[in-house]
Amino acid sequence: MAYVLYQDPMLIAVHADETMAIENVTISNIAIRPPATTPAGNCVTIEDITDTGLLRRVSVSDVVIDATGYPGNAVTILNVVDSEFSNWRIYGASDRSIIVTKGQRLKFTDIVCDTPNGATGNPHWYLTGGCVDIQHIGCVVKAASIQGWVIDTTGTRDISFVGCQALTNTQQAWNITYAARVSLVGCTVRGGRPGQRLGHAE
């Protein structure tokens, strides 16, 4: 499979003063390797600053991100709705591998997050801000000195994991607080601190 190489961060965004939607977007076969000299930010940012549902029906597949040395998150997804992300490989994040904030009806399939720096103490994969109806199928977080998935914030609900794996992370595989209706089916934890932490979760 051939990939297009981007040596700068990738941005898909609806800015605060915009009223037109970005929708029905399909992106695939991308390799991203920003230089370490780039100012801190995100290797990939997909966001709607207006928080009005203007960034929707986005499909991004077959992505490789080498974030080694880049001073920020690997992937930030903010206020995105009705979208799918599949077959991603994310390596070497200096901060979080993925942070999803206020996402609704999102599906992640076969996303592998590997060997983040972990020095910030932030998790591999973070769902926050009231995410609703987020599916994870066959996703993996591994080789971190931090937690695997952290799910928090009142209003976060209907989060599912099917066939996902947390491998050789030193802290909890799943840390779930202030979230409702979180399900794990056929998931695997190997290495690190066993189990998950549940607080104010349903």
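1. **Confidence.** The mean pLDDT of the chain is 87, and 89% of its residues reach 70 or more. pLDDT is the predictor's confidence in each residue, from 0 to 100. The model is predicted, so local features need pLDDT of at least 70, side-chain atom pairs count only at pLDDT 80 or more, and totals for chains, interfaces and linings use all residues. Residues are numbered from 1 along each chain as its sequence is written, and side-chain values use heavy atoms, with hydrogens and water left out.

2. **Secondary structure.** The chain has zero helices and 19 strands. Both are DSSP runs, numbered from the N terminus: helices are H or I with at least four residues, strands are E with at least two. Among the elements, strand 11 (residues 132-137) has the highest mean pLDDT, 97. Strand 19 (residues 196-199) has the lowest, 52.

3. **Burial and surface.** Buried residues make up 50% of the 202 residues. Buried means under 20% relative accessible area, exposed over 50%, and partly exposed in between (1.4 Å probe, protein chains only). The accessible surface comes to about 8800 Å². Carbon and sulfur atoms own 50% of that surface. These areas come from the Shrake-Rupley method with a 1.4 Å probe; for residues, only the protein chains shown count as cover.

4. **Contacts along the chain.** Take the contacts with a separation of 6 or more: residues 24 or more positions apart account for 66% of them. Contact means heavy atoms within 4.5 Å.

5. **The core.** The largest nonpolar core holds 48 residues. Such a core is a set of buried Ala, Val, Leu, Ile, Met, Phe, Trp, Tyr and Cys residues joined through side-chain atoms within 4.5 Å. I65, W88, F108, I111 and W125 touch the most other members. Strand 5 (residues 55-66) gives the largest share of this core, five residues. Look at W88: leaving out residues up to four places away in sequence, W88 touches V44, V60, S61, V63, I65, V75, D110, I111 and V112.

6. **Cysteines.** The structure holds zero disulfides. A disulfide is a pair of cysteine sulfur atoms within 2.5 Å. C113 is buried, at 0% relative accessibility. C187 is in no disulfide either; the nearest cysteine sulfur, that of C164, is 4.8 Å away. C187 is partly exposed, at 25%.

7. **N42.** This residue is found in strand 4 (residues 42-48). N42 is buried, with a relative accessible area of 18%. The side chain of N42 makes polar contacts with the side chains of T45 at 3.2 Å and T76 at 2.6 Å. A polar contact is a pair of N or O atoms within 3.5 Å; within protein, one must be able to donate a hydrogen and the other to accept it, and residues adjacent in sequence count only if both atoms are side-chain atoms.

8. **Two loop residues.** A16 sits in the loop between strand 2 (10-14) and strand 3 (22-32). A16 is exposed, at 62% relative accessibility. A16 and D48 are 32 residues apart in sequence and 7.9 Å apart in space, C-alpha to C-alpha. N79 lies in the loop between strand 6 (73-78) and strand 7 (81-91). N79 is buried, at 6%. A polar atom of the N79 side chain lies 2.8 Å from the backbone oxygen of D48.
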